[in-house]
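Please keep the sequence and the structure in view while reading.

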Amino acid sequence: MTRPAAVALPEHLTKRAAATSTRIAEALRQPPHLDPSEDRGPASPRWRGQSLSKGAAGVAILHGLRARAGLTGPEVVHGWLAAATREPLSAGNGAGLWYGATALAFALREAAPSHYRPAVRQLDEAVTTLVRTRLAAVHARIDAAARPALSEYDLVRGLTGLGAYQLKHTPGSPQLRQILEYLVRLTQPVPARDEPGGDAPGWWTSDTPSGTAPDATESGHIDLGMAHGITGPLALLGLAARAGVTVSGHREAIDRIATWLETWRQHGPGGAWWPERVGLAELRTGRCHQDEPRRPSWCYGTPGIARALQLAGAATGDRARQERAEQALADCLADPRQLAWLTDPAMCHGWAGVFTTTWHAAADARTDTLADHLPHLLHQLLARAPEIPPADEPIGLIEGSAGIAAALHLATTGTGGWETCLLIN
């Protein structure tokens with residue numbers, strides 16, 4: 001098998017992508033005005049500024065991409081970065097890669113890499129303190145033979161996300177190695193005395209996922225998603241190994257997670273797919289209760305899981321694992337029943353995320369099969385991308401219009417880099 005030399009797209013699609021990306025970006029040129037008398041409570045939209053997902057920090061990254069391409073001026077970038085700091089930055093329990101001090105540090109480095117260096121240094125100190133506090137807590141938790149919360153290790157708020165920031169911007173940091181050492185420990189069995197006992201892997205959680213009946217997961221569960229589940233740690237371990245940053249037990253941890261995910265891979269008429277979660281009854285019987293694949297999104301579906309397994313296979317030299325992952329993604333992209341679940345153009349749940357994930361997977365793939373799907377994915381994204389972002393829709397990078405424009409910018413220019421906050425590159 002030969003590895004494709006590059007990802008290429010038809011010119012008529014890239015021209016449309018460039019025009020649509022520009023229209024969206026121009027509609028997001030000015031940060032929204034905030035009324036000084038507006039509610040400042042925890043649920044107030046005022047606090048979204050420091051969010052990569054829904055706020056100004058994410059929009060600044062889009063404009064930073066465009067500024068480097070000569071498509072906009074630095075004043076637009078700086079205006080959005082200023083909007084991201086209107087309220088005091090969070091560095092507490094709710095903070096993580098997508099929100100708070102780490103999110104702003106990521107945005108500053110991505111959107112304006114040659115500016116704000118004193119501010120970045122201060123933010124990095126806050127990130128260092130946050131990581132130190134979290135690491136102390138998680139090792140105490142493991143020592144006590146207790147189960148983790150999803151937010152302990154996930155990409156959005158947990159140590160996986162903080163590790164993703166450091167891998168991208170401070171790969172020589174001792175704390176990155178400490179996070180990787182924690183993830184290795186996370187993959188080891190917990191001698192817990194709770195319901196699953198020793199049958200559950202170390203990432204089994206007692207959390208009740210949002211949107212599910214409490215009795216469905218009252219004894220705990222495993223989340224398989226990239227955003228909140230064990231796929232995120234696998235992707236970080238794979239990306240770190242690819243970058244030459246490894247710790248003792250690193251390869252074994254990759255294999256433990258990847259083997260577990262492969263055990264829960266399901267097979268249907270449209271190819272391989274994964275459930276969103278595994279509960280106690282499923283764990284005990286080895287049988288999945290979800291009877292068909294659901295939305296093939298980056299955050300919970302086959303694209304994110306397959307990309308993480310591809311990275312795991314490539315990082316460890318396991319060609320068979322890499323090729324199985326690439327085939328699972330290709331089958332998903334060829335299955336109209338799975339693609340019909342996608343109704344959202346955005347990055348997290350929709351077409352922008354599927355396109356961007358497939359772009360990076362195709363660049364690393366051992367054949368051209370994934371690249372062959374990109375024109376169709378781009379066509380579908382363009383068909384759903386807004387001409388003008390609706391005023392009541394999120395504006396951010398991961399759940400909003402900025403992410404759609406960033407995906408189209410990638411299709412047009414082949415440049416990104418910010419996708420580390422999704423752990424797909």
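**The nonpolar core**

The model is a predicted one, and its largest nonpolar core has 137 residues. Those with the most contacts inside this core are Leu52, Trp98, Leu261, Trp298, Trp418 and Cys421. In soluble globular proteins, nonpolar side chains tend to be buried together.

Helix H4 is mostly covered, since 10 of its 11 residues are buried.

In helix H16, the buried residues are Leu374, Leu377, Leu378, Gln380, Leu381 and Leu382. These residues pack against helix H1 (11-27), helix H13, helix H15 and helix H17 (401-413).

How many salt bridges does the structure hold? The structure holds 16 salt bridges. Side chains of opposite charge can pair when their charged atoms come close.

| Salt bridge | Distance, N to O |
|---|---|
| Arg109 and Asp124 | 2.5 Å |
| Glu262 and Arg324 | 2.9 Å |
| Glu323 and Arg366 | 2.8 Å |

The side chains of Arg109 and Asp124 meet in a salt bridge. This pair links distant parts of the chain, with Arg109 in helix H4 (residues 101-111) and Asp124 in helix H5 (residues 117-143), 15 residues apart. Arg109 counts as partly exposed because its relative accessibility is 23%, whereas Asp124, at 16%, counts as buried.

Glu262 forms a salt bridge with Arg324. Here, too, distant parts of the chain are linked, for Glu262 is in helix H10 (residues 250-263) and Arg324 is in helix H13 (residues 319-333), 62 residues apart. Glu262 is buried, with a relative accessible area of 14%, while Arg324 is partly exposed, with a relative accessible area of 35%.

Helix H13 also holds Glu323, whose partner Arg366 is in the loop between helix H15 (351-364) and helix H16 (374-384), so that this pair links parts of the chain 43 residues apart. Glu323 counts as partly exposed at 26% relative accessibility, and Arg366 is buried, with a relative accessible area of 14%. Salt bridges that share partners join Asp255, Glu262, Arg321 and Arg324 into one network.

**A glutamine in a strand**

Is Gln266 buried or exposed? Gln266 counts as buried because its relative accessibility is 18%, which is under the cut-off of 20%. This residue is found in strand E2 (residues 266-268), and a polar atom of the side chain of Gln266 lies 2.9 Å from the backbone oxygen of Trp264. Leaving aside its neighbours within four places in sequence, Gln266 is in contact with Gly271, Ala272, Trp273, Pro275 and Cys288.

How values were computed: Residues are numbered from 1 along each chain as its sequence is written. This is a predicted model: local features need pLDDT of at least 70, side-chain atom pairs count only at pLDDT 80 or more; totals for chains, interfaces and linings use all residues. Side-chain values use heavy atoms; hydrogens and water are left out. A nonpolar core is a set of buried Ala, Val, Leu, Ile, Met, Phe, Trp, Tyr and Cys residues joined through side-chain atoms within 4.5 Å. Buried means under 20% relative accessible area, exposed over 50%, partly exposed in between (1.4 Å probe, protein chains only). A salt bridge is a side-chain nitrogen of Lys or Arg within 4 Å of a carboxyl oxygen of Asp or Glu. Helices (H or I, at least four residues) and strands (E, at least two) are DSSP runs, numbered from the N terminus. A polar contact is a pair of N or O atoms within 3.5 Å; within protein, one must be able to donate a hydrogen and the other to accept it, and residues adjacent in sequence count only if both atoms are side-chain atoms. Contact means heavy atoms within 4.5 Å.
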